[in-house]
Amino acid sequence: MAIPAQGRSRADITADLDAFKSKDLAWRSGRVFGYTYDAGAEVEQIGKEAYVSYLTENGLDPTVFPSLLRLETEIIGMVAANVGNPNAVGHFTTGGTESIMLAVKSARDHARYRRGIAEPRIVVADTAHAAFHKAAAYLDVGKDVVATDANFRADPAAMAAAIGPDTAMVVVSAPSYGHGVIDPVEEIAAICLQRGVLCHVDACVGGWMLPFMARVGWPVPRFGLDVPGVTSISVDLHKYAFCPKGASTVLYNDPELRKAQIFACAGWTGYTIVNPTVQSSKSGGPLAAAWATLQAIGDAGYLERARELCDATRALLSGVAEIPGISVLSQPEFCMAALAGEPLRDGGAPVSVFHVADEMRARGWYVQPQLGLGGSPPNLHISLQPGNTAAVPGMLASLREAVPAAAALPSSGLADTIGALFADGVPAGFGAEQVDELMAMAGVAGASLPARMAGINEVLQALPTVAREAMLVAFFGVLYRRREA
Ligand SMILES: Cc1ncc(COP(=O)(O)O)c(C=O)c1O
């Protein structure tokens, strides 16, 4: 594909860009329970204006753009005060994944250069966000994954048992995304303190909002930088602080540990590089937009939204409890829930949540399927946010219809076939050809996805983790080659 021979008009370009969006999820409808966090049109507009006004300023060098330095240190100060240590130090990043990668890098280098550990490792619960697996892979850090308890919380004894001489850091979540539950941060951080290892709290999704929820009466266990033994925390602003995307923070109690995050390079012939985050040149837009959003909503605005989210969560949980064939996995401690299928009659199979997701989609709602793993059965994730709280009664009404409709659908039977193929693990020689065959069985031809996703999800569910990952990678290889007129 070539660029146009002649430059096009602003109106044409805008019309194209608007048209491209027409197949996207209609997040403004309030019928989408994930991906977007919407605090209303006015807040959105303020964020957008700030974003555009700082779009071109470059965060590469804070001595040249002191406005960006000011915005970043003020944001870090606001987050620090909200999570238990106003004196904490940290940085603004592009998202939860970057914050986590930086926390893992700091832990790795701290372990290597302060403790002389050649091959540092991290201990994570199986509910920890995939970003820790990504960080371990990117940064060549070992990982020890520990099964969670029956309520999907990290088990302190099991986490303690996984700490070894090469452990750099233990990770806890507040809350974990999948089930919306908070790990026992105090207990695990105390173990870390005693064993001399770092403890990171992944509060990407909940860290900003939980303190406000606590202030309106929601029970919130301690999870912040004030917990003895906690050494770092990641807190996203582009989730429950409702800032435009590209906004997260990573904070440390000890400025010495933060030093391990910062990369400097004077060993080349160009300008001096000092990068606290992954990017070097970076737009000031996300920073200005985040600062503006925090200013626009303010303490009272976040409290008001916290109240609304707590009320909506209670309504969601009690509504789901009345729907046969579906139940809430564990008791969520944040405005999120994971719903699992239950048998509709004694001795029957649980309702397929993958079919429920399709049935909901057919009724205009988006809920996020999550594959089962370990003790966690396949489930549907629901994130409540101000943009969809008013839609909860309508969503519950559709769920009441979708569950029996899903139960009436036949299973593809693929799970049994594929389960048998992988009964002894991933067969030797499993490669691109086998992945293509599995994709065909799942109904994926080329890059076009079928309208109903249950078949694909059933195939993925039946596969061992490494084969799931191989299939997903193969699919993206095809997807990103797509050319559409
Ligand atoms: C607990 C948790 N950690 C990390 C992340 C990763 O954040 P991002 O998607 O901004 O990279 C998420 C995203 O949902 C999350 O919920």
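Predicted model: local features only at pLDDT ≥ 70, side-chain atom pairs only at ≥ 80, totals over all residues.

The protein chain has 16 helices and 13 strands. Its radius of gyration is 23 Å, close to the 23 Å from the globule rule for 485 residues, so the chain is as compact as a globular protein of that length. Along the principal axes, the C-alpha atoms fill a box of roughly 65 × 65 × 55 Å. Buried residues account for 44% of the 485 residues. If we take the contacts with a separation of 6 or more, 72% of them join residues 24 or more positions apart.

On domains, the assignment gives domain 1 as 49–293 and domain 2 as 414–479. Their C-alpha centres are 34 Å apart.

Now the packing. The largest nonpolar core has 120 residues, and those touching the most other members are Val104, Ile122, Phe132, Val170, Leu251 and Val356. Helix α10, residues 285–321, supplies the largest share of this core, 13 residues. There is also a second, separate core of 11 residues, with Ala442, Val459, Leu460 and Leu463 among them.

Let me stay with Val356 for a moment. Leaving out residues up to four places away in sequence, Val356 touches Ile326, Gly341, Val351, Leu380, Ala402, Val403 and Ala406. Val356 is also one of the buried residues of helix α11, and that helix deserves a slide of its own.

Why describe α11 as largely enclosed by the rest of the structure? The helix runs over residues 353–362, and eight of its 10 residues are buried, so the rest of the structure largely encloses it. The buried ones are Val353, Phe354, His355, Val356, Ala357, Asp358, Glu359 and Met360. Note that the list includes Asp358 and Glu359. What do these buried residues pack against? On the strand side, the partners are β10 (326–328), β11 (336–341), β12 (368–370) and β13 (379–383). On the helix side, they are α12 (392–407) and α15 (454–462). After α11 comes Gly364, with a positive phi near 90 degrees.

Two loop residues next. Gly372 sits in the loop between β12 and β13, two of the strands that α11 packs against. Gly372 is partly exposed, with 13 other C-beta atoms within 10 Å. Setting aside neighbours within four places in sequence, Gly372 is in contact with Pro377, Pro378 and Gln461. Gln461 is 89 residues from Gly372 in sequence, yet the C-alpha to C-alpha distance is 6.6 Å.

The other one is Ser280, in the loop between β9 (273–275) and α10. Ser280 is partly exposed too, with 14 other C-beta atoms within 10 Å. Beyond four places in sequence, its contacts are Leu60, Ile273 and Asn275. Ser280 and Asp61 are separated by 219 residues in sequence and by 8.7 Å in space, C-alpha to C-alpha.

Last, the backbone. As a reminder, most residues other than glycine have a negative phi, and most peptide bonds are trans. Where does this chain depart from that? One place is the peptide bond from Ala174 to Pro175, which is cis, with omega near -5 degrees. Pro175 belongs to the loop between β4 (167–173) and α7 (185–195).

Two non-glycine residues with positive phi are worth checking on the screen. Tyr35 has phi near 75 degrees and lies in the loop between α1 (10–20) and α2 (41–53). Phe152 has phi near 65 degrees and lies in the loop between β3 (142–146) and α6 (156–162). Are these two buried or partly exposed? Tyr35 counts as partly exposed, with 13 C-beta neighbours inside 10 Å. Phe152 is buried, with 25 other C-beta atoms within 10 Å.

That is the end of my slides.

How values were computed. Residues numbered from 1 in each chain as written. Domains from an automatic or database assignment. Core = buried A, V, L, I, M, F, W, Y, C linked by C-beta atoms within 7 Å. Buried ≥ 20, exposed ≤ 12 C-beta atoms within 10 Å, placed from the backbone. Helix = DSSP H or I, 4+ residues; strand = E, 2+ residues; numbered from the N terminus. Contact = placed C-beta atoms within 7 Å. Rg over C-alpha atoms; globule rule 2.2 N^0.38 Å.
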